[in-house]
Amino acid sequence: MTTRPAAHTVDHELVQAAAEVARTRCRGDNHTMAAAARASDGRIVTGVNAYHFTGGPCAELVVIGAAAAQGVYELATMVAVGDRERGVVPPCGRCRQALLDYFPGLTVIVGAGGRLRQVPIAELLPETYVWADHQLDEA
Ligand SMILES: [Zn+2]
């Protein structure tokens, strides 16, 4: 049984899970990034990106879908790790917005080497755009 770490304590087990997938499952140019998420119930869900010039999803977005396919709809923490020993890679702008919209309370592991930090997703998006806040009220 895995215990969920306290907020803002870096979830090293999650980093290792993503690193293992990056090391063993990434192939060529199509799959170059792995991500792992800690579900609110403690489970870990992993995925890899599906690169395509039309806008294939990053590993973080694949994890959201993979989690839903397993009946997991609440993610607490996310981390992405690059293939070929590139270590932790921060989420791109598109993923930051998507992660915030799906999971406003999510924390994300960022930073390099031994300087990993686990930060709230909102801290990665200053002056955050929240879609629902900008919709006109329907009469
Ligand atoms: Zn991304």
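These numbered points describe a predicted model, going from the annotated domain to the strands, the helices and the core.

1. The UniProt record, an unreviewed entry, places a feature called "domain: CMP/dCMP-type deaminase" at residues 10-132. Over residues 10-132 the chain is 28% helix and 24% strand.

2. Strand β5 and its partners. Strand β5 covers residues 107-110 and runs parallel to strand β3, residues 75-82, with 2 bridges joining them. Strand β6, residues 117-120, runs antiparallel to β5, and 4 bridges join these two. Valine 108 can be followed through both pairings: it is the bridge partner of methionine 78, and it stands opposite valine 119 in β6.

3. The hairpin. β5 and β6 form a hairpin, with 6 residues between the two strands. In the turn, glycine 111 has a positive phi of about 100°.

4. Helix α1. This helix has 14 residues. From its first C-alpha to its last it reaches 20 Å, close to the 20 Å expected at 1.5 Å a residue. Its buried residues are Leu14, Val15, Ala17, Ala18, Ala19, Val21 and Ala22. The buried residues of α1 pack against strands β1, β2, β3, β4 and β5.

5. Helix α3. Which residues of α3 are buried? In this helix, residues 93-102, they are Cys95, Leu99 and Leu100. These residues lie on the same side of α3, because they cover an arc of only 130° around the axis.

6. The largest nonpolar core. This core has 38 residues. Those touching the most other members are Ala18, Ala34, Ala35, Val79, Ala80 and Val81. At least two core residues come from each of α1, β1, β2, α2, β3, α3 and β5. Which element gives the largest share of the core? It is α1, with 7 residues.

7. Alanine 35 as an example. Leaving out residues up to four places away in sequence, alanine 35 touches Ala18, Thr46, Gly47, Ala59, Glu60, Val63, Met78, Val79 and Ala80. One of these, Met78, is the residue whose bridge partner in β5 is valine 108. Another, Ala18, is among the buried residues of α1.

Notes
Residues numbered from 1 in each chain as written. Predicted model: local features only at pLDDT ≥ 70, side-chain atom pairs only at ≥ 80, totals over all residues. UniProt positions renumbered as here; feature names shortened; annotations may be inferred. Pairing = 2+ DSSP bridges. Buried ≥ 20, exposed ≤ 12 C-beta atoms within 10 Å, placed from the backbone. Arc of directions from axis to C-beta. Core = buried A, V, L, I, M, F, W, Y, C linked by C-beta atoms within 7 Å. Contact = placed C-beta atoms within 7 Å. Expected span 1.5 Å × (residues − 1).
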